[in-house]
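Colleague: Can you walk me through this one? Keep it short, please.
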Amino acid sequence: MDLVYIRELEVETVIGIYDWEREIRQRINLDLEMGTDIRQAANTEDVDNTLNYKSVSDRLIEFIEQSEFLLIETMAEQIAEIVLNEFSVKWLRLRLGKPGAVPQAADVGVIIERGERF
Ligand SMILES: Nc1nc2c(c(=O)[nH]1)N=C([C@H](O)[C@@H](O)CO)CN2
């Protein structure tokens with residue numbers, strides 16, 4: 001299994017459980033690893049034969065910017081669903097961080113794996 005990845009994608013959105021969090025936009029960041037097979041793209045040099053990280057990034061930025069989740073867990077599950085269903089990805093690992101949430105910590109968040117490795 002090969003991986004196409006996106007690292008440190010940063011997006012501002014409404015997220016959080018407290019009243020004050022519903023009034024502001026906060027930064028989240030994510031790393032995404034997506035299982036794929038890069039060989040056909042390598043042999044043809046055709047982006048249509050690979051998992052296009054720009055297309056995935058654009059879709060996730062649009063989705064996250066318009067979302068208003070309470071928990072990062074919910075956002076993580078929804079992101080995983082989009083990547084699995086819309087980009088025909090079989091397996092992914094997602095780290096979703098909310099760096100401003102705990103001032104004493106550099107970052108906090110969740111890491112999930114979904115789908116089947118192949
Ligand atoms: N596991 C989680 N814990 C917490 C979350 C969350 O989304 N998942 N959210 C909060 C608050 O919104 C926090 O970020 C405000 O500082 C607390 N714990």
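Colleague: At what angle do helix H2 and helix H3 pack?

Modeller: About 145°, and their axes are 11 Å apart. H2 covers residues 53–66, and H3 covers residues 72–86. Axes here are lines fitted to C-alpha atoms, for helices over the stretch in contact, and angles run from 0 to 180 degrees between N-to-C directions. Helices (H or I, at least four residues) and strands (E, at least two) are DSSP runs, numbered from the N terminus. One caution: this is a predicted model, where local features need pLDDT of at least 70, side-chain atom pairs count only at pLDDT 80 or more, and totals for chains, interfaces and linings use all residues. Residues are numbered from 1 along each chain as its sequence is written.

Colleague: Which residues in H2 and H3 meet?

Modeller: From H2, Val56, Arg59, Leu60 and Phe63. From H3, Ile79, Ile82, Val83 and Glu86. Contact means C-beta atoms, placed from the backbone, within 7 Å. The residues of this contact divide into 6 nonpolar, no polar and 2 charged. Ala, Val, Leu, Ile, Met, Phe, Trp, Tyr, Cys and Pro count as nonpolar, Asp, Glu, Lys and Arg as charged, and the others, Gly among them, as polar.

Colleague: New topic. How many helices and strands does the protein have?

Modeller: It has 3 helices and 4 strands. From the N terminus on, they run β-β-α-α-α-β-β.

Colleague: In what order do the strands sit in the sheet?

Modeller: E1-E2-E3-E4, in an open sheet with antiparallel pairing. Two strands pair if DSSP finds at least two bridges between them. The edge strands are E1 (2–13) and E4 (109–115), and each pairs on one side only.

Colleague: How many bridges join E3 to E4?

Modeller: 7 bridges, with E3 spanning residues 91–97. For Trp91, the bridge partner in E4 is Gly115.

Colleague: And which strands does H2 lie across?

Modeller: E1 and E2 (26–36). H2 runs at about 30° to E1.

Colleague: What surrounds the ligand?

Modeller: Gly16, Ile17, Tyr18, Glu21, Leu71, Ile72, Glu73, Lys98 and Ala101. A residue counts as near if its C-beta atom, placed from the backbone, lies within 6 Å of the molecule. By class, this shell has 5 nonpolar, 1 polar and 3 charged residues.

Colleague: Last one. Which domain does UniProt place at residues 4–114?

Modeller: The unreviewed UniProt entry gives "domain: Dihydroneopterin aldolase/epimerase" there. UniProt positions use the numbering used here, feature names are shortened, and annotations may be inferred rather than shown by experiment. That span is 32% helix and 31% strand, and its end C-alpha atoms lie 15 Å apart.

Notes:
Two residues are in contact if their C-beta atoms, placed from the backbone, lie within 7 Å.
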